[in-house]
Amino acid sequence: MKRLRAALCYLLPLLVIPIAVGVSLQLPTKYTALMIFIVAALTLLLFVCGIEQKEIGTRRLVLSVIFMALAVLGRMLPMVKPVTAIIILGALYLGKESGFLIGAGTALLSNVFFGQGPWTVFQMLAWGCIGWGAGAMHQALRRHKVLLLIYGCMTGIAYSMLMDIWTVVWHYEAFSLDMYRVTLLAALPYTVLYAFSNVLFLWLMHKPVDEKLSRIEIKYGL
């Protein structure tokens, strides 16, 4: 059972959920709510698979929800938004499964205000994988702040590139490499701003978050 759970901690975010998101591209928009539900259910399954002790799992869930709420509030800020930075910082201390939950949950909850649609599952996957990656590399990212800033910059670019795939498919009803290049070029100023904002907020927020969560981590054995 432990081996199966360990395997699912990698298969769900790297294979199963991306496949589900890919399938959603082929379905009519009337199935959008169903696909959002499926991706959300798989995200919760991933979180459960990463928890070995119920007590610790409850504490991680509470802290994950707090980070989700902060990220949702951050998305409401104009222009420069700390969403990805908050997701990354939460994942550094709560683990890769919690990181995926924070990222995917942020997309799902914030779109209650910004609007749900076929793009929601793409955002859930993108932010979820950013959180999962940060949790998987938490030792290196916590030890070397420069690596953390580089990760924030690269994931900002990766998020924009993934969402541009959805943009092309949605507008042209099929993926076109030529149109993808055009879309990437058109979105370049926003991509640069997004990557820069990730670096800025990680630089500003890392130390205070580290001080508080390191104490919580030691006290509660997270």
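The request and a connected reply follow.

Me: Where is Asn111 found, and is Asn111 buried or exposed? With which residues is Asn111 in contact, leaving aside its neighbours within four places in sequence?

Reply: The model under discussion is predicted. Asn111 belongs to helix α5, which covers residues 96-114. The relative accessible area of Asn111 is 1%. Because buried means under 20% relative accessible area, Asn111 counts as buried.

The surroundings of Asn111 can now be described. When its neighbours within four places in sequence are set aside, Asn111 is in contact with Arg75, Gln116, Trp119, Thr120 and Gln123. With Gln123 there is also a polar contact between the side chains, at 2.7 Å.

Gln123 leads on to another residue. Met163, again leaving aside neighbours within four places in sequence, is in contact with Trp119, Phe122 and Gln123. Met163 itself is part of helix α8, residues 145-172, and is buried at 12% relative accessibility.

Along the principal axes, the C-alpha atoms fill a box of roughly 50 × 40 × 30 Å. Among contacts with a separation of 6 or more, 73% join residues 24 or more positions apart. Of the 222 residues, 46% count as buried. The protein exposes about 11,800 Å², of which carbon and sulfur atoms supply 72%. There are 18 positive and 9 negative side chains, and the centres of these two sets lie 7 Å apart.

Asn198, in helix α10, has a relative accessible area of 0% and is buried. Apart from neighbours within four places in sequence, Asn198 is in contact with Thr84, Ala85, Gly152, Thr155 and Gly156.

His206 also lies in helix α10, which spans residues 188-220. His206 is buried, with a relative accessible area of 10%. Beyond its neighbours within four places in sequence, His206 has contacts with Leu89, Tyr93, Arg142, Lys145, Leu148 and Phe201. Between His206 and Trp166, 40 residues apart in sequence, the C-alpha distance is 31 Å.

Ala40 is found in helix α2, residues 32-49. The relative accessible area of Ala40 is 19%; the limit for buried is under 20%, and therefore Ala40 is counted as buried. Leaving aside neighbours within four places in sequence, Ala40 is in contact with Leu108 and Met124. Ala40 and Ile17 are 23 residues apart in sequence, and their C-alpha atoms are 9.5 Å apart in space.

To return to the part requested: Asn111 is a buried residue of helix α5, and its side chain is joined to that of Gln123 by a polar contact.

Key:
Residues are numbered from 1 along each chain as its sequence is written. This is a predicted model: local features need pLDDT of at least 70, side-chain atom pairs count only at pLDDT 80 or more; totals for chains, interfaces and linings use all residues. Side-chain values use heavy atoms; hydrogens and water are left out. Helices (H or I, at least four residues) and strands (E, at least two) are DSSP runs, numbered from the N terminus. Buried means under 20% relative accessible area, exposed over 50%, partly exposed in between (1.4 Å probe, protein chains only). A polar contact is a pair of N or O atoms within 3.5 Å; within protein, one must be able to donate a hydrogen and the other to accept it, and residues adjacent in sequence count only if both atoms are side-chain atoms. Contact means heavy atoms within 4.5 Å. Accessible areas come from the Shrake-Rupley method with a 1.4 Å probe; for residues, only the protein chains shown count as cover. Lys and Arg count as positive and Asp and Glu as negative; His and the chain ends are not counted. The place of a charge is taken as NZ of Lys, CZ of Arg, CG of Asp or CD of Glu.
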